[in-house]
Amino acid sequence: MKKTLLDTLKQTTKRQRILAGTGLALVLLTGGFFLAQPSTKTASVSKMTQTTSSSSVDKEATLMEKAEKAVKLLEDNQVKENVSTAETAVKALKDGDTKDKLTKRVETVKTALAKKETEARLAKEAEEAVSALEKDQVNEKVTLAQTAVDKVTAKDQKDKLQHRLNLVKSAMDTRAQQAAQAQAEEAARAAQAAAEAQQAAAQAQVPQPAYEAPAQTGGEVAAPAQDYTPPAPVVPQAPQQSLTQEQIQQQADEAEQRASDPNRVWDYQ
């Protein structure tokens, strides 16, 4: 005849029953612990995942905020140092729409900076070219300066440089006109001097008749032949009449005086 569990329990002592009950309780508690442990572990993992995800989101938000501030600073103060800072902050972001927009804003500023640098370089080159022309005003440097000024894009700066260039060109034109006028006057004087010299040479080559004093009466010596001088005027003759000895002597004296001074203009009565 089979014994039931109840019969078995009745045959055991009280001590044995207490020990068996305690063992059974321990078994049940241990089994319950292990059955409950996977659920606890799963909850812990889930909590850790949520914490990590939240931390990642917070970190990305912080990076976006930092990148936005760096780009804004660059836009307000467009210098190379700020470009480097903004690019570094934007590169730290994850790929996405926000990163693309910030990158475009940085590139826009970089393009504007490159344009400003080019304008500054061209303005400096034009300034140097105009200064060189002002110190050495020659046509070759006028061409170089004008080419450099034409490349300047800032209107105010370009107008000032062009004004300085025009002043130099005007001064050069004035000096050129004065030099041409002086050269023309010198050529005219030289031509006149040459013509006068040629005329004098031609006159020197024309033979001049030798001057002969009129024959004298009363045994007077005739004046020697002279180089060409204007002929002496003929003494008007009085009507046919006999001359006194005194008149003849007077005429002889006058003839002698004329012979001694042939260049004198005589007044005959």
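Predicted model: local features only at pLDDT ≥ 70, side-chain atom pairs only at ≥ 80, totals over all residues.
**Which elements does the chain run through from the N terminus on?**

From the N terminus on, the order is α-α-α-α-α-α-α. That comes to seven helices and zero strands. Here helices (H or I, at least four residues) and strands (E, at least two) are DSSP runs, numbered from the N terminus.

Residues are numbered from 1 along each chain as its sequence is written, and side-chain values use heavy atoms, with hydrogens and water left out.

**The chain as a whole**

Of the 269 residues in the chain, 15% are buried. Buried means under 20% relative accessible area, with a 1.4 Å probe and protein chains only. Among contacts (heavy atoms within 4.5 Å) with a separation of 6 or more, 48% link residues 24 or more positions apart.

**Meet helix 4**

Helix 4 covers residues 97-135. Its 39 residues reach 58 Å from first C-alpha to last, close to the 57 Å expected at 1.5 Å a residue; the expected span is 1.5 Å times one less than the number of residues. The buried residues of helix 4 include Leu 102, Val 106, Leu 113, Ala 126 and Leu 133.

**Helix 4 with helix 3**

Helix 3 (residues 80-91) packs against helix 4 at about 160 degrees, with the axes 10 Å apart. Axes are lines fitted to C-alpha atoms, for helices over the stretch in contact, and angles run from 0 to 180 degrees between N-to-C directions. That makes helix 3 roughly antiparallel to helix 4, a term for angles over 145 degrees.

Helix 3 brings Lys 80, Val 83, Ala 86, Glu 87, Val 90 and Lys 91 to the contact, and among the partners on helix 4 are Leu 102, Val 106 and Leu 113. The contact residues divide into six nonpolar, one polar and six charged. Ala, Val, Leu, Ile, Met, Phe, Trp, Tyr, Cys and Pro count as nonpolar, Asp, Glu, Lys and Arg as charged, and the others, Gly among them, as polar.

**Helix 4 with helix 5**

Helix 5 (residues 139-150) packs against helix 4 at about 155 degrees, with the axes 8 Å apart. Helix 4 and helix 5 are therefore roughly antiparallel. Their contact includes Ala 126, Ala 129 and Leu 133 of helix 4 and Val 142, Leu 144 and Ala 148 of helix 5. The residues of this contact are 10 nonpolar, no polar and two charged.

Note on methods
Parallel < 35°, antiparallel > 145°, perpendicular 65-115°, else oblique. Buried < 20%, exposed > 50% of the residue type's maximum accessible area, 1.4 Å probe, protein only.
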